[in-house]
Amino acid sequence: METDVPSRIQGEIFPPKPILFGVLNITSDSFSDGGKYLRQDLAFAKAKSLMEEGADVIDIGAQSSNVKAEPVSEQVEWDRMKEIISELKREKVSISVDTFRPYVIRKALEEGVDYINNIRGFVDPESLDLLKEASKQSAKYVAMFSQDHSIKASEFSDLKPETVVPLVLEFFRERTKTFQSLGLADRLILDPGMGFFLSPDYKVSFAVLSKITKILSEFPNLMVSVTKKSFLGNALGGLPVEDRIVPTAISETYLWSKGVPMIRTHSPKSFILAQKTWEMSHGVYSPQRGLQEPGPFGIDSYRP
C-alpha cells in the first residue's frame, strides 16, 4: 500500500543551519540568568550544555549590558572568564568574548579566541588599534549597532520604526569602510542590535526584523540576537523573561528562513527543534538533517 507521506523535498530549499552562538553570562546581573554561572564549575557545565544542544560557538560575557546593569572593573570582567576560556580551549571549543573594553579585548586575543563581540561596534580608537596590532591573528569581529553606542542598553531612544533601518545601514557602511582601512573587512560581522539597544518601543526592533532581507542583501555577513529580549515580551503583553522561549524560537526560525547566517541564542536546542519542525511542515524529511551525531562532550547533539 502506498504511503501519502512525502519522501522527497517538495520544491522547498532552505538555508543551511546558521552558526549558533550559545550565550554564557558569567555575571551577577544579566537580565535572563544573572548570578547563575559565576562559579567556574557551573560556567563550564553551562558551556557543555550549550554545546550539547547544538551551539557552534560559546559567547562568553562577564559584564552585563542590560539597562539596570552596574559596571564591574575590567580586571573583574577578565578574571570571571579567563579560566573558562582556558578550559574551553583545551576542549577545542570555538569561543567568542562579548566585551567592549580594550583591556579585555587584548587579553582575549592573546588567548586566541575566535571572535570578539563588541556591543559598541568598535567605535573607540583604542579598540581599533588593538585589532590592527592583532591583524595576523584569525579572530573575527562582531560590530553591533545601537542607538547611542554606549556601554549598555538604554530606556531612552530617538529611533523610530521608519528611521531605524536606514541608520543601521549607514552604520554598517561606515564600519565596513573602517575595517577595510585596517585590512580586516573579511573578518567583520555586523549585528543590527535589538531590544533596548534600539528602543523601548518594540515596533523598532520588529521594523528591523521585517527588513532583514534588505539588510542581508547589502551585508550578508550578519549576526542577529533576539534571544529573550524585551521587545518580544513587550509586544506580547509584558511577558516575563521565562515566558519568551516560544517567541524567541519563532523569531530565530524566521531569521534562519530569511538566510541570516549567525544567530546568538540562549537556547540552541529550542531553535533547532523549531527549525526541524518548520522543515518537516514543508515536507522536508532529509535524514542527514535530522537529530544525529554524539555531541562534543558525548551526549546527543541537536545538530542538523
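Analyst: This is a predicted model. Start with the element names: a helix is a DSSP run of H or I with at least four residues, a strand is a run of E with at least two, and numbering starts from the N terminus. On that basis, lysine 228 sits in the loop between β7 and α8. The protein has 10 helices and 10 strands.

User: What makes the phi of lysine 228 worth noting?

Analyst: Most residues other than glycine have a negative phi. Lysine 228 is not a glycine, yet its phi is positive, near 60°. Lysine 92 is another such residue, with a positive phi of about 60°. Lysine 92 lies in the loop between α2 and β3 (94–98).

User: Why is lysine 92 called exposed?

Analyst: Exposed means over 50% relative accessible area. Lysine 92 has 76%, so it counts as exposed.

User: What share of the protein is buried?

Analyst: Buried residues are 52% of the 304 in the protein. The cut-off for buried is under 20% relative accessible area.

User: Why is the pair of aspartate 56 and lysine 17 called a salt bridge?

Analyst: The test is a side-chain nitrogen of Lys or Arg within 4 Å of a carboxyl oxygen of Asp or Glu. Here the N to O distance is 2.7 Å, so the pair qualifies. Aspartate 56 is in the loop between α1 (40–53) and β2 (57–61), and lysine 17 is in the segment before β1 (19–25), so the bridge ties parts 39 residues apart in sequence. Aspartate 56 itself is partly exposed, at 21% relative accessibility. The structure holds 11 salt bridges.

User: How do you know that arginine 39 and aspartate 41 form a salt bridge?

Analyst: Same test. Their closest N and O atoms are 2.6 Å apart, and the limit is 4 Å. Arginine 39 is exposed, at 51%. Aspartate 41 has 43%, so it is partly exposed.

User: What makes aspartate 79 and lysine 82 a salt bridge, and where do they lie?

Analyst: Their closest N and O atoms are 3.3 Å apart, which is within 4 Å. Both lie in helix α2 (residues 74–90), 3 residues apart, about one turn of the helix. Aspartate 79 is partly exposed, with 33%. Lysine 82 is partly exposed too, with 31%.

User: Which residues are linked in a network of salt bridges?

Analyst: Asp59, Asp98 and Arg264.

User: How do you know that arginine 187 has no salt bridge?

Analyst: The nearest side chain of opposite charge belongs to aspartate 186, 4.5 Å away.

User: Then which polar atoms lie by the side chain of arginine 187?

Analyst: Backbone oxygens. The one of serine 135 lies 2.2 Å from a polar atom of the arginine 187 side chain. The one of glutamine 137 lies 2.5 Å from a polar atom of that side chain. Both distances are within the 3.5 Å limit for a polar contact. Arginine 187 also touches other residues, including Ala134, Lys136 and Tyr141.

User: Which residues touch the most other members of the largest nonpolar core?

Analyst: Ile58, Ile60, Met81 and Tyr141, out of 71 residues. Helix α5 gives the most to this core, with 7 residues. A second, separate core of 7 residues includes Val57, Val142, Ile189 and Met223.

User: How do you know that the length of helix α9 agrees with its residue count?

Analyst: Helix α9 has 13 residues (245–257). The expected span is 1.5 Å times one less than that number. That gives 18 Å, and the end C-alpha atoms are 18 Å apart, so the two agree.

User: What covers the buried residues of α9?

Analyst: Among the covering elements are α6 (202–210), α7 (212–218), β8 (262–265) and α10 (268–281). The buried residues of α9 include Pro247, Leu255 and Trp256. After α9 comes glycine 259, with a positive phi near 100°.

Terms used. Residues numbered from 1 in each chain as written. Predicted model: local features only at pLDDT ≥ 70, side-chain atom pairs only at ≥ 80, totals over all residues. Heavy atoms only, no water. Buried < 20%, exposed > 50% of the residue type's maximum accessible area, 1.4 Å probe, protein only. Lys, Arg positive; Asp, Glu negative; His and termini not counted. Polar contact = N/O pair within 3.5 Å; in protein donor to acceptor, adjacent residues only side chain to side chain. Contact = heavy atoms within 4.5 Å. Core = buried A, V, L, I, M, F, W, Y, C linked by side-chain atoms within 4.5 Å. Lists of a residue's contacts leave out its neighbours within four places in sequence.
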